[in-house]
Number of protein chains: 4
Amino acid sequence: MSVVQAVLRSHPEHPAHPDAITTCVDACSLCSETCTACADACLSERHVESLISCIRLNLDCAAVCAATGSVVARANKAGNRQPLEAQLTTCIAFCRACAAECARHAERHKHCRVAADACLKCADACAEMLSSLRMPA
Amino acid sequence: MSVVQAVLRSHPEHPAHPDAITTCVDACSLCSETCTACADACLSERHVESLISCIRLNLDCAAVCAATGSVVARANKAGNRQPLEAQLTTCIAFCRACAAECARHAERHKHCRVAADACLKCADACAEMLSSLRMPA
Amino acid sequence: MSVVQAVLRSHPEHPAHPDAITTCVDACSLCSETCTACADACLSERHVESLISCIRLNLDCAAVCAATGSVVARANKAGNRQPLEAQLTTCIAFCRACAAECARHAERHKHCRVAADACLKCADACAEMLSSLRMPA
Amino acid sequence: MSVVQAVLRSHPEHPAHPDAITTCVDACSLCSETCTACADACLSERHVESLISCIRLNLDCAAVCAATGSVVARANKAGNRQPLEAQLTTCIAFCRACAAECARHAERHKHCRVAADACLKCADACAEMLSSLRMPA
């Protein structure tokens, strides 16, 4: 059982979708870390000038995933659903844009391949969370 | 001239909408600070149990505005516009939801009134930035 | 192999302490998530007014751990070591303060027990990273 | 009166040093924005490979200042002072390191000159806040 899951299991609101929340929060967190580390690795590459878009998207994706994780960790109470859905949709857009750019460099740079994977997994977890929200609890 | 504006004026990309970017980044930053401080003031109020939704929305809004400011500060280069537009739309949704909740407590708590104002200003600045993106430079 | 570790293994700088960095970044990230979720669970508890200090420390610890993870993920190049050491020392201070406060509520609230554990693990990982920095590579 | 100041004036704890807190939170926020924007401007410069250390320090400084602002905005209640003092000291270390690196490029790049100034102002505001904490209220 993940640490976040353990916290949610003892949350007084008994969140309707604790597993979707846990998977989403963990994936956002991992994607944020990975993009931060990939941006840093890109900065050390010899042909850094070919990686500028990748670095920018990594930094954007890291910032957006961190905010998403924080918002989703508070999504335990049935509340105003529209901003939460917008956040998840936005996060999917950044993760996919970053994955597409990282994939262009994946053959040359293993860190870009790993980051592309983390972005796609995060997009999937956000999409899963979106479906959970739209299903009856 | 604001500090961010001074940076953008010397940005090699000559961003198409430096004033809209500056206003938006500054408003996001101010809104994030204000919501963080309002959440903390709410935690000290005697009837804190009536302010729980306000605290949660303050924390969400602070996280989302911080990410938006960071993404918009990198919006200097004509790039993938769709994720940026999604982020601005999401930020408007959180700012409006937080402003509406804060407004409910504005008569009793001045910090909620001030936070509601900061949220509405931030929503306006994000909307202005969205229009700028959709206009020809 | 963790995702961050996979990125670091392909980092052009060949960081001197990839395992200490990975463990520290992962622990910061997990602690930040857990404290965010614990603060939210505390907000839903019936006697929330007895948990205000816990909520504040959770929020502080979440913010500081997120920044620490981001700084440590960039610690791959032998650089200015003094600010990095200060950041790790500060993170240990917040993690220990938050763990101590959470421990006071651990019998009643499982989420506080889980958060206290995550804080102590994060403090340990930061201490380990500090020792690595002080050892010859 | 700044927005944060207006919030603090209505904070139920009557914080002992509202002006030092306000100045510090505002300076952290401005420094974080400015460093984010400077890193992005550096990424667009023709000789980006000479600015890699500057970009890294900008990103570190942005992350640490954001966390510091958030922690200081919650420093309204006399609490555990040691972690707060550690955070302020760490923030000063990053601001000074970033200012020193930016200053090396200040003649060529105006954005680096502006960022160096914002860093030094933030270091001063953190130092001022530290002295306030050490004075009797």
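Trainee: Why is H14(B) called exposed?

Mentor: Exposed means over 50% relative accessible area. In this predicted model, H14(B) has 64% relative accessibility, so H14(B) counts as exposed.

Trainee: Where does H14(B) lie?

Mentor: H14(B) is in the loop between α1 (3–9) and α2 (18–44) of chain B.

Trainee: Why is T36(D) called buried?

Mentor: Buried means under 20% relative accessible area. T36(D) has 11%, so T36(D) is buried. T36(D) belongs to helix α2 (residues 18–44) of chain D.

Trainee: Which residues does T36(D) contact, leaving aside its neighbours within four places in sequence?

Mentor: In chain B, S70(B), A73(B) and R74(B). In chain D, A62(D). Contact here means heavy atoms within 4.5 Å.

Trainee: Now chains C and A. How many residues of each are in contact?

Mentor: 30 residues of chain C are in contact with 30 residues of chain A. The area buried between chain C and chain A is about 2600 Å². Carbon and sulfur atoms give 65% of that area.

Trainee: Which three residues supply more than any other three of the area that chain C buries against chain A?

Mentor: V7(C), E33(C) and D40(C). They supply 20% of the area that chain C buries there.

Trainee: What is the count of salt bridges between chain C and chain A?

Mentor: The count is 0. A salt bridge would need a side-chain nitrogen of Lys or Arg within 4 Å of a carboxyl oxygen of Asp or Glu. Polar contacts are another matter. The rule finds 11 residue pairs in polar contact across this interface, both residues at pLDDT 80 or more.

Trainee: Which elements give two or more residues to the side of chain C that touches chain A?

Mentor: α1 (3–9), α2 (18–44), α3 (52–73) and α5 (110–134) of chain C. α2(C) gives the most, with 12 residues. The residues of this side divide into 14 nonpolar, 9 polar and 7 charged.

Trainee: Why are chains C and A described as related by a two-fold rotation axis?

Mentor: Look at the superposition. Chain C can be laid on chain A by a turn of 180° and a shift of 0.0 Å along the axis. The RMSD is 0.0 Å. The two copies are thus related as by a two-fold rotation axis. In chain C, the C-alpha nearest the axis is that of S29(C), 3.2 Å from it.

Trainee: How do you know that chains C and A meet through the same surface?

Mentor: 100% of the interface residues of chain C are also interface residues in chain A, so the copies meet through the same surface.

Definitions and conventions. Residues numbered from 1 in each chain as written. Chains lettered and ligands numbered in written order. Predicted model: local features only at pLDDT ≥ 70, side-chain atom pairs only at ≥ 80, totals over all residues. Heavy atoms only, no water. Buried area = accessible area lost by both parts, 1.4 Å probe. Polar contact = N/O pair within 3.5 Å; in protein donor to acceptor, adjacent residues only side chain to side chain. Helix = DSSP H or I, 4+ residues; strand = E, 2+ residues; numbered from the N terminus. Nonpolar A, V, L, I, M, F, W, Y, C, P; charged D, E, K, R; others polar. Least-squares fit on C-alpha atoms with pLDDT ≥ 70 in both. Buried < 20%, exposed > 50% of the residue type's maximum accessible area, 1.4 Å probe, protein only.
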